[in-house]
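Visitor: I am new to reading protein models. Could we walk through this one together, one question at a time?

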Amino acid sequence: MTLATLDTPTMLLFASTCHTMMAGVLLLFWLTRNTGPGFGWWVWNEALVAIGLIALLARQWLPLAPTAIVSNAALIFCVPMIELGLRIFLRRRLQPGMTVSWLLATAVFAVWLGALLNGADTVTRVQIISIGNLLQYGWGLSLFVRCLTPATRVPLGLLILGVAIQMVVYLLRVAPLLQGGNPGYQLMNDVLLAWLILASVFCGIGRTCAKLMLVHGRIESELRHTQAALEKRANVDALTQLASRSHFESALPLLQANAQRRQLPMALLLFDIDHFKQINDELGHQAGDAMLSALGGLTAGFVRQGDLVGRLGGDEFAVLLFDCPLTAAQLIADRLREQVRTLHTDDGRPLSISAGLTTLAADEDFAAAYSRADVALYAAKAAGRNRIQLHASAMTAAPAGA
Ligand SMILES: Nc1nc2c(ncn2[C@@H]2O[C@H](COP(=O)(O)OP(=O)(O)OP(=O)(O)O)[C@@H](O)[C@H]2O)c(=O)[nH]1
């Protein structure tokens, strides 16, 4: 069986069934998935193509004029719906491009309707529709090309291919008519009409895939963003932008493994602000937050890049000094303590910190090192604050600093 012998009603039956199924798939997807704005217009687009084809099929049995009006209106107005869906989906500005699309569709339909009411012959009407469709698809094509980005290249490429195929068929359809028309032209036996219907089915499949791919791409990228935001929220302390406690703890094993491989010493510094409760109580929680944030910024800028700085909770901060022998760690800690004195509360009081310092072995638990540093921090507070206290276990390695 060749296309030339395929009769138009069979082709129309095939095409209308395909497009109805595609409209059904899109509708199901629309109703059951979070497709985002714009997708509804694509469901309508496919539904209108199906309605138009069913009306064309039914024109043999129903009164000619009403079915021709319904089918042509559906097939003309389904085009701007792809564009409207795309503009909304990609959050492009709707105006003035959309006005042009709807005006174009209305103009094509009005000219065609005028021709029908004035008793124009089939050839003339087909000419009007074909030229109108060519203009519509040409306009749509220019939008698809303008919207091409690396993220939309494949789905929009499919849309462009589909529209280009449809334009070629329309062009073939209109070309002989433009050369003076074909007196023997029979709409229902037109081989080109069969090609057009077939092309419309293939383009519809391409369009449906493109729309689903666009939604899939968007869902995927939103998932990636949400995942990244969640990770950031879990890993980064919102107030100071330092590592959160959980991130600090989970990052340690990697640093420890690195230190063990390269035989590098590490030290853990734990500190908190002296009399922070007083700052909060007297100047307000917001002023307290500002001090925490300033201290976080100062500490992050003070240590080396390979060190790990975190806010473990409240006004408690920790620094893992990587590749740092205890004597150097004491010097760094004391310089940091001095630097902190340059920070002032709103009423001019200089900030001070107390800190506990200990070594961190490559194979020990964070909890064990933390509890040693905490004991030393407690001792620093007890000894009068604004000082660094070395834990007793490290005393044999280096003298305590204050
Ligand atoms: N502004 C602010 N305050 C916090 C936050 N988290 C905890 N705090 C407060 O920080 C204060 C911590 O006080 P402590 O460390 O117990 O005591 P302190 O007044 O600093 O006294 P010393 O540590 O002994 O010098 C408490 O008043 C908490 O309510 C926060 O995110 N923002």
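This is a predicted model: local features need pLDDT of at least 70, side-chain atom pairs count only at pLDDT 80 or more; totals for chains, interfaces and linings use all residues.

Visitor: Is L104 buried, partly exposed or exposed?
Guide: Burial is judged by counting neighbours: 20 or more other C-beta atoms within 10 Å make a residue buried, and 12 or fewer make it exposed. L104 has 19 other C-beta atoms within 10 Å, so it counts as partly exposed.

Visitor: Which residues is L104 in contact with, leaving aside its neighbours within four places in sequence?
Guide: A hint comes from G132, which is 28 residues from L104 in sequence but 7.9 Å from it in space, C-alpha to C-alpha. Once the neighbours within four places are set aside, the contacts of L104 are L135, Q136 and W139.

Visitor: Where does UniProt place the feature "transmembrane region"? And how far apart are the end C-alpha atoms over residues 126–145?
Guide: The unreviewed UniProt entry gives that feature to residues 12–31, 43–62, 68–90, 102–120, 126–145, 154–172 and 192–214. Over residues 12–31, the chain is 100% helix and 0% strand, with its end C-alpha atoms 28 Å apart. Residues 126–145 are likewise 100% helix and 0% strand, and their end C-alpha atoms are separated by 28 Å.

Visitor: What does L53 touch, not counting residues up to four places away in sequence?
Guide: Beyond the residues up to four places away, it touches L12, A15, S16 and H19.

Visitor: Is P66 buried or exposed?
Guide: P66 is in helix α3. Its C-alpha atom is 9.2 Å from that of A55, eleven residues away along the chain. Because P66 has 12 other C-beta atoms within 10 Å, it counts as exposed.

Visitor: Let us turn to the strands. Which residue in β3 is the bridge partner of L270?
Guide: Strands β1 and β3 run antiparallel and are joined by six bridges. On the other pairing, β2 (residues 308–313) and β3 are antiparallel over five bridges, with G310 standing opposite A318. The partner of L270 in β3 is also A318.

Visitor: How many of the six residues of β3 are buried?
Guide: Strand β3 covers residues 316–321. It is mostly covered, and its buried residues number five.

Visitor: Which residue in the turn between β2 and β3 has a positive phi?
Guide: These strands form a hairpin with two residues between them. The turn residue with a positive phi, about 50 degrees, is G314.

Visitor: Why does Q263 count as exposed?
Guide: Q263 is found in the loop between α8 (245–262) and β1. Its phi is positive, about 55 degrees, although it is not a glycine. Most residues other than glycine have a negative phi. Q263 counts as exposed because its C-beta neighbours inside 10 Å number 8.

Visitor: And is H275 exposed or partly exposed?
Guide: H275 lies in the loop between β1 and α9, and it has a positive phi of about 50 degrees although it is not a glycine. It has 14 C-beta neighbours inside 10 Å, so H275 is partly exposed.

Visitor: Finally, how many charged residues are in the shell around the ligand?
Guide: The ligand is surrounded by 17 residues, and the closest are D274, F276, K277, G288 and G314. Two or more residues of the shell come from each of β1 (267–273), α9 (276–283) and α10 (285–302). By class, there are four nonpolar and six polar residues, and the charged ones number seven.

How values were computed: Residues are numbered from 1 along each chain as its sequence is written. A residue is near a molecule or strand if its C-beta atom, placed from the backbone, lies within 6 Å of it. Helices (H or I, at least four residues) and strands (E, at least two) are DSSP runs, numbered from the N terminus. Ala, Val, Leu, Ile, Met, Phe, Trp, Tyr, Cys and Pro count as nonpolar, Asp, Glu, Lys and Arg as charged, and the others, Gly among them, as polar. UniProt positions are given in the numbering used here, feature names are shortened, and annotations may be inferred rather than shown by experiment. Two residues are in contact if their C-beta atoms, placed from the backbone, lie within 7 Å. Two strands pair if DSSP finds at least two bridges between them.
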